Each structure stands twice: as structure tokens, then as C-alpha cells.
Amino acid sequence: MKFTSYILVLSFFSNIHAESLFQVFQNSGPANGYDVYIELNSENIYTGGLGIYEGSVYIEGNGAVINLQDGGGIWTYADDQSPASLEINRCTIINGAYYGINFAGTATGSVTNCNIINSGMGFQALDFSVVELKNCNIMANEIYGVAIFSENPDVSISFCNAWNNGEDYMENCPG
């Protein structure tokens, strides 16, 4: 019986393929009006984080899992000289050391139909970023589920669930 269970578990994991999210980003090109259009496969687990500091990026998750492996997360930073945006849809983002998804500077974007699980902070907005967070589940993040720092970020949150985080929602508006 024990041997049969071992074979079943081994065969399950042998069908899962791990691939670097950064490598997929580098191999993706423009499509549908975006500078980089990434389409993930739900049969794969994507590993590692991704930094976006110029151009428009779209990630169609198709239900895939992105395991940040206790790394920095998925971040977007923009300024006047280098505009940047990220739209991410339908994926599960897990195990970020500091955050799952971060928008800073003047970055714009949306996070839709995603699960953000087991990071320091699930979603983080800073500076003058403008982001829509819609229909997401944000759970089991150590410090905050959603963290908005300062009074400048413009974050629209709709139809989201947050539970089992250190604190579910935090807005820090000094002054």
C-alpha cells in the first residue's frame, strides 16, 4: 500500500513542469497592444519573481501558479522617463519574501482574478501608482494582505476577499 502511494505521488509530480517566469518574460514579445504579452500554461509552475521598469506588460495566467520561492516578488516601477504598466490576470502567486505584487513610482496596472498567498505582504502600492485590484483572494500573508503606503497611490479594490493575513488591509497616510 505504501509503495503504491509513493508511485502515485511521484507520477503526479513528474507531470508538473517548472519554468522560470523571468525566462518566459525574456522569450515573450509584443501582442494585443502590449510591449510584452505573456501567456502562461496551467500545467506548469513558474518560479522566481519579475521586475518591470519600462513598457506595458500583460500576463495571462490561465490558472497557472507562480512560486516566488521566497524572492522579491513581481514588481512594477515607473517614472516620467520610463513609463511602465502591468496587467496580470488569472493566476496564483505564492511565497514572496517581501510581497507578492508591488507597484511603485508612477506605475499603473491591474490585478484581476488572482490569488495572492503566503508572502510578507500580498499586494503593495507606493508613491503615485494607479492600480485596480479586482476579484482577487488575498490570504495567509504574514504582515498585510493589501498595503497602501502614503496618501498618493490610487488603488481601486472591488470584489476581493482577504483573510488569515497578519492584517487584511493597511493604509499608511502620514501627515
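**Strands, bridges and surface**

Reply: Gladly! Six strands form an open sheet with parallel pairing, in the order 4-6-8-11-14-17; strands are DSSP runs (E, at least two residues), and helices are runs of H or I with at least four residues, both numbered from the N terminus. This is a predicted model, where local features need pLDDT of at least 70 and side-chain atom pairs count only at pLDDT 80 or more, while totals for chains, interfaces and linings use all residues. Residues are numbered from 1 along each chain as its sequence is written, and side-chain values use heavy atoms, leaving out hydrogens and water.

Me: Which strands are the edge strands of this sheet?

Reply: Two strands pair if DSSP finds at least two bridges between them. An edge strand pairs on one side only, and that describes strand 4 and strand 17 (167-172).

Me: Which residue is the bridge partner of M121 in strand 14?

Reply: Strand 11 (residues 121-125) pairs with strand 14 (residues 144-149) in the parallel sense, over four bridges. In strand 14, the bridge partner of M121 is Y144.

Me: How many helices and strands are there in the protein?

Reply: The protein has 175 residues, and 45% of them are buried (under 20% relative accessible area; exposed is over 50%, partly exposed in between, with a 1.4 Å probe and protein chains only). The count of elements is two helices and 17 strands.

Me: How far apart are the closest N and O atoms of E60 and R90?

Reply: A salt bridge needs a side-chain nitrogen of Lys or Arg within 4 Å of a carboxyl oxygen of Asp or Glu, and a search of the whole structure finds one. E60 lies in strand 5 and R90 in strand 7, so the pair ties together parts 30 residues apart in sequence. E60 is buried at 10% relative accessible area, whereas R90 is partly exposed at 37%. Their closest N and O atoms are apart by 2.9 Å.

Me: Is S85 buried or exposed?

Reply: S85 sits in strand 7 (residues 84-94). S85 touches I52, G55, S56, V57, T76 and T108, leaving aside residues up to four places away in sequence; contact means heavy atoms within 4.5 Å. Its relative accessibility is 17%, so S85 counts as buried.

Me: And Y53, what is its relative accessible area?

Reply: Y53 is in the loop between strand 4 (50-52) and strand 5 (55-67). Y53 is exposed, and its relative accessible area is 52%.
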